[in-house]
Structure formats: structure tokens, C-alpha cells
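Here's a protein to explore together. Have a look at the sequence and the 3D picture, and then we'll walk through it piece by piece.

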Amino acid sequence: MGTDMRRILVCVLVAFTMTVPVRAQKFSISTDALDYACLGTLNAEISYATARHWSLTAGVKYNPFTFRKGDVERQFQFRQQSYSIGARFWLWHIWSGWWFAGKLRWQEYNQGGILSRKTYEGDRLGGGLYAGYTHMLAPHFNVEFGFGLWTGADWYKVYSCQTCGLTVSQGRRAFILPDDLMISFAYVF
């Protein structure tokens with residue numbers, strides 16, 4: 001499922017960015033500072049204003065890092081790649097004030113060694129609801145605060161440690177997780 005889903009989501013993101021014309025104050029690009037604090041997760045989100053109260057978003061998160069690699073007892077990681085598309089409704093007008101959002105998201109993850117030696121990996125597919133506030137710092141620069149929850153299906157495997165490859169369990173389950181606790185910096189153009 002991972003490779004096919006990845007291709008579909010990349011095609012959707014490319015089509016989204018290629019079909020939207022660039023005009024003044026219609027686009028924003030942002031990055032979430034709190035994701036960088038989550039073991040260096042690289043991230044970006046682009047948004048396009050479709051109306052006074054609506055914008056479309058497409059985002060990506062990527063974390064390829066493994067820490068203390070080679071030390072079986074102390075190794076840990078929160079590797080992931082994640083792609084999302086969604087829409088925001090702005091109560092006042094786009095790029096300022098309170099907003100509510102919905103997203104569809106796919107995530108491939110491998111995490112382990114943080115709370116226990118077990119490693120969890122798999123694919124998640126689901127949707128989420130989000131809320132936040134955007135404060136205009138300058139005509140083209142904003143800071144955003146927000147949070148959300150996402151839910152969906154998780155196809156997973158659990159290994160007894162990061163390097164041994166011994167499968168403890170596997171399957172599919174439903175999940176509800178906190179998502180996008182954010183302090184983002186956005187440039188509007």
C-alpha cells in the first residue's frame with residue numbers, strides 16, 4: 001500500500017500546485033517550529049486563498065533521522081513521511097484571525113526507542129479537524145498557533161527492538177491522535 005499511496009498523494013500535490021495561478025496575497029508558505037523540536041521533523045505547508053474566508057492547503061513532513069545509531073540499547077527515532085491536503089475556513093478573512101480546518105492525511109512512520117525498546121512502523125490514512133489563530137506581524141509575515149486531532153486506519157507492525165527484526169504483533173486498527181500542535185511562521189505572497 002505504501003508505494004501506491006505515495007504516488008497518488010505526490011500526483012495530487014503536484015496537480016494542486018501546477019493548476020493554481022500565482023497572484024498577489026493569494027499564496028502562503030509556512031513551516032512549524034514545533035515539528036523541528038520533534039526530533040528534527042522537516043515540514044512545509046503551502047496555502048492558496050480561494051475566497052475571502054477560504055483557503056486550500058497542501059503539506060509535507062519528513063524525518064529521516066535515527067539517533068545514537070549503532071548503540072542498540074540507546075538508539076531512538078521518529079522517522080516519518082507525511083502528506084496532507086485540506087481546507088481552512090477563516091472567520092475574519094484569510095491570513096488573519098481565527099480559523100478552522102479539515103485535512104486528509106497519509107503518513108508512513110517508524111518510531112522506537114523513545115519510551116521503550118519496541119519499534120512501531122506502518123502506514124496511517126485518515127482525516128483530521130484543526131483550529132487555530134493567525135497573527136499578522138507584517139504585511140507578508142504571520143505567526144500561526146493551532147492544534148488538532150486526526151483519526152483513521154493504521155496498518156502497523158511492532159518489533160521487539162530497533163535492530164532485531166523480531167515481529168511482536170501486526171495488523172490494522174483505528175486510531176485517534178493529537179496532531180499539529182503548531183507555532184508556525186508563514187510568508188504570504
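## Ground rules

This is a predicted model, so to speak of local features we need pLDDT of at least 70, side-chain atom pairs count only at pLDDT 80 or more, and totals for chains, interfaces and linings use all residues. Residues are numbered from 1 along each chain as its sequence is written, and side-chain values use heavy atoms, with hydrogens and water left out.

## The overall layout

Read from the N terminus, the order is α-β-α-β-β-β-β-β-β-β-β.

How much of the chain is buried? Of its 189 residues, 42% count as buried. The cut-offs are under 20% relative accessible area for buried, over 50% for exposed, and partly exposed in between, using a 1.4 Å probe and protein chains only. The chain exposes about 10200 Å², and carbon and sulfur atoms supply 67% of that; these areas come from the Shrake-Rupley method with a 1.4 Å probe, and for residues only the protein chains shown count as cover.

Now for contacts, meaning heavy atoms within 4.5 Å. Among contacts with a separation of 6 or more, 60% are between residues 24 or more positions apart.

## Strands side by side

Follow β5 into β6 and then β7. Two strands pair if DSSP finds at least two bridges between them. β5 and β6 pair in the antiparallel sense over 14 bridges, and β6 pairs with β7 (residues 119-138), again antiparallel, over 16 bridges. Leu104 in β6 is a handy landmark: Ile85 stands opposite Leu104, and in β7 the bridge partner of Leu104 is Gly127.

The hairpin of β5 and β6 has six residues between the strands, and there Trp95 takes a positive phi near 70°. That's a positive value in a residue other than glycine. Trp95 is buried, with a relative accessible area of 6%. The hairpin of β6 and β7 also has six residues between its strands, and in that one Gly113 takes a positive phi near 80°.

## The largest pocket

Rolling a probe the size of a water molecule over the atoms shows where empty space is left. On a 1 Å grid over the protein atoms alone, a cavity is a set of points where a 1.4 Å probe fits but cannot get out, a pocket is an open set with protein on both sides within 12 Å along at least five of seven lines, and lining residues have an atom within 4 Å of a point. Grid points are joined across faces, edges and corners, and a volume is the space filled by probe spheres set on the points.

About 360 Å³ of space lies in the largest pocket. Its lining has 16 residues, with Cys38, Phe78, Pro178, Asp179 and Asp180 nearest the centre. Which element gives the most to this lining? That's β9, with five residues. The lining splits into seven nonpolar, three polar and six charged residues. In this count, Ala, Val, Leu, Ile, Met, Phe, Trp, Tyr, Cys and Pro are nonpolar, Asp, Glu, Lys and Arg are charged, and the others, Gly among them, are polar.

A search of the whole structure finds two cavities of 30 Å³ or more.

Thr57 sits in strand β3. Is Thr57 buried or exposed? It counts as buried because its relative accessibility is 5%. Leaving aside neighbours within four places in sequence, its contacts include Glu45, Ile85 and Arg88.

Arg68 lies in the loop between β4 (66-67) and β5. Its phi is positive, about 55°, although Arg68 is not a glycine. At 45% relative accessibility, Arg68 counts as partly exposed.

Finally, find Ser116 in the loop between β6 and β7. Ser116 is partly exposed, at 35% relative accessibility. Ser116 and Ser160 are 44 residues apart in sequence and 9.3 Å apart in space, C-alpha to C-alpha.

Technical notes
Helix = DSSP H or I, 4+ residues; strand = E, 2+ residues; numbered from the N terminus.
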